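Have the sequence and the 3D view open as you read.

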Amino acid sequence: MSNKRKVIDYTYQIITYLAAFVAVGTLSLIFMFVFSNGYKLLNIGLIVNDYHATFYNGALEENIEFSTTTRPTSLDSETYYSKKWGLGLKDDFDREGNSIIIVDYIASDSPLLAMYNKNNEEFTELIVFKEGQLVSKIAYFDKSTSLTRTGAEIMIYDLDSSESVREIVYSSLGGGIRGSIITTFYLIAITIAIALPIGIFTAIYLNEFAHKNRITTILRSLIEVLTGVPSIIFGLMGLAVFVPLTIKLTQADSANIISGSLTLAVILLPVIIRATEESLKVVPDTLRESSLALGANKTQTTFKVVLPSAIPGILTATLLAIGRVIGESAALIFAIGTAVKDDISIFGKSTSLSVHIWSMMKDEPANIELASTIAIIILMIVLLLNITIKLISKRFIRELG
Amino acid sequence: MEIVRKVNNKFLKIKNKNKKEKIDIVVNLFFLISTIISASFIIIIIVFISVKGIIPFITDNNGIGSVNIFKFLTGDVWLSGTAFKSNLYSVGFIIVNTLYIALLSLLLSLPVGVLTALFIAKVAPKKIAEFLRTVIELLASIPSIVYGLFGSGVILVFVYNFADILGIQSKGGNSVMATVMVLALMTLPTITAISEVSIRSVGKDIEHGSLALGATKTQTNFKVILSSAKSGIFASAILGIGRALGEATAVSLVAGNAKSGPTLAFFETTSTLTSTMLEGLKETTGIDYDIRFSVGIVLMVVILLTNIILNYIKKKVGNVDVK
């Protein structure tokens, strides 16, 4: 081999190494970006909290019984405590990065627990004041109002030195993704419930029952074409077909989770059909023939002999389907809308986790932190599904020898 | 009469069959219905989108006036109707943008993808190949919205700074270049996975023949194996471009949504058919709602035509058949 040849060969080889590095680099960059931006917000509170903050205007009765609880030793050193009001406040930041004052501790005999809703005309409705809420304003009769920007220390000082309060404005901590998580679960459950039976039956028909004729070929190719349709077109179909259909048949009056699920079910059909058919194909014909020879009819053979051997394939199809539902965004933007909701009804609008990311990114300014945190959750689920699918198919291959 | 007798005969045949066979017939029918449902959706999609998409052209859209279909297909301005009381919707420039972006992204992802596939299939040691295969699978399973997030968090910043170095002002990085890069990343796993299969399935005899003639391993890889796997690689390119044309959410986050064009400069904002469809989501009736379906029809036609043309080229080019 000449030296020149060697040099050329090495260069070519290095090029392939570099190309392969692009894939690895991209994957690690995506993970690094998502984790470095999203890890700060990742906690249980994010998952169980509402997205929209609820605001309360609280006021107190005339005669106030002050608290006698002394500062609990378990409190953080950064928490400012008023013994008289039994209230501990702390400076913090919310999910958008704005500074807030958070209720860190309320004594059980605090007078603030007996606040009534000022917005209610009859002044009778008691409202909940609890730890974890944000205090945005405390107004007094005899001195100036303390606001969030004054900080927890001054707010507590003002509160401690006064005998009554005119109004306390507080709110829950918003920005949570509980609603989107629930929607995603609904979508997965309903979509699988619709798409799995139809998909499996279709696969069985095409693989076990269908005669080899022109009609079968046409049916098969019509299903094949569905694979190449981009998801945004499915979204348009959902908007044109399923949204009006669900409005007519159910109590829904706009795009809703059911119309979204139906749209997703159509997207998933070709995936499920193909995966199931693949697993039906590897069931050896001898099994079918023996079953038929023993006097079973075609139905019995299919359900008792062929289908049980195809279960790993069907399981894989289901997991693939779940992954697709979690990741789908374009179709859902049309089929269930982009409004982030907290009270989830299957007859109402809401967002899945992916669409939640899209809404966050389309906001001005975009909320990259929260979007990344949701992306972490999605990536983790997708990763888990992938590993499970690999394990299943490995076992499947081993069992078939 | 002939038909009636035939049907009658069939019924008699079924009647004479035993219970087990009757069950078979019922079950068969049931499965057939499922299959027909599955197969009917593509027809439903085409019919409903066409019916809705044709409305802007044949009605006067609540006084705005009907959209001229010739201008729609060839024009260079997209003016949202209800706000401006206009019927000046054109996707002509958007079609050009879409094809331009898809082609550029393929120019990036095809070489990288094919070389990666070659590396996995022929060059890399077994363990590294296995690892890379997992990496590609993971990349393929990342949802497009995460690519969009990555695009607007990393690629936009990169493009913005890059343009800045060149002395060009870009609108926050939203540009042709950013869109192309995001799409190239998204199509990379598809291209790599399919090319790898076709590279691996090149016959050993061809490879050994080349080696026996004195070619080095690298020469064989690049000159013999790649050209033998041509048709598979082409197929991967067709799939890749299909994905690039139909991708919506990720593109809408980095394209910048230009309202006129076509945009050929790398650092200018652009718009694709899909990103245009995702604009103005608040509308629920009227022309801004209906026009989305018209764009949908155009998108389907563009994808179909691209596929037909590329498949025709593939037939002409890929004459080495690989089993």
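Buried means under 20% relative accessible area, exposed means over 50%, and partly exposed lies in between (1.4 Å probe, protein chains only). This is a predicted model, in which local features need pLDDT of at least 70 and side-chain atom pairs count only at pLDDT 80 or more, while totals for chains, interfaces and linings use all residues. Residues are numbered from 1 along each chain as its sequence is written, chains are lettered from A and ligands numbered from 1 in the order in which they are written, and side-chain values use heavy atoms, leaving out hydrogens and water.

Q: What makes B:Glu279 and A:Lys362 a salt bridge?
A: A salt bridge needs a side-chain nitrogen of Lys or Arg within 4 Å of a carboxyl oxygen of Asp or Glu. Here N and O are 3.7 Å apart, so the pair qualifies. The pair crosses between chains, from a loop of chain B between helix H14 (273-277) and helix H15 (287-317) to helix H11 (residues 353-362) of chain A. Helices here are DSSP runs (H or I) of at least four residues, numbered from the N terminus.

Q: How do you know whether A:Lys362 is buried, partly exposed or exposed?
A: Its relative accessibility is 33%, so A:Lys362 counts as partly exposed.

Q: Why are B:Lys122 and B:Glu207 said to form a salt bridge?
A: Their closest N and O atoms are 3.2 Å apart, so they meet the 4 Å rule. B:Lys122 lies in helix H6 (residues 92-123) and B:Glu207 in helix H10 (residues 204-212), both of chain B, so the pair ties together parts that are 85 residues apart in sequence.

Q: Are B:Lys122 and B:Glu207 buried or exposed, and what decides that?
A: B:Lys122 has 16% relative accessibility and B:Glu207 has 6%. Both values are under 20%, so each residue counts as buried.

Conventions:
Helices (H or I, at least four residues) and strands (E, at least two) are DSSP runs, numbered from the N terminus.
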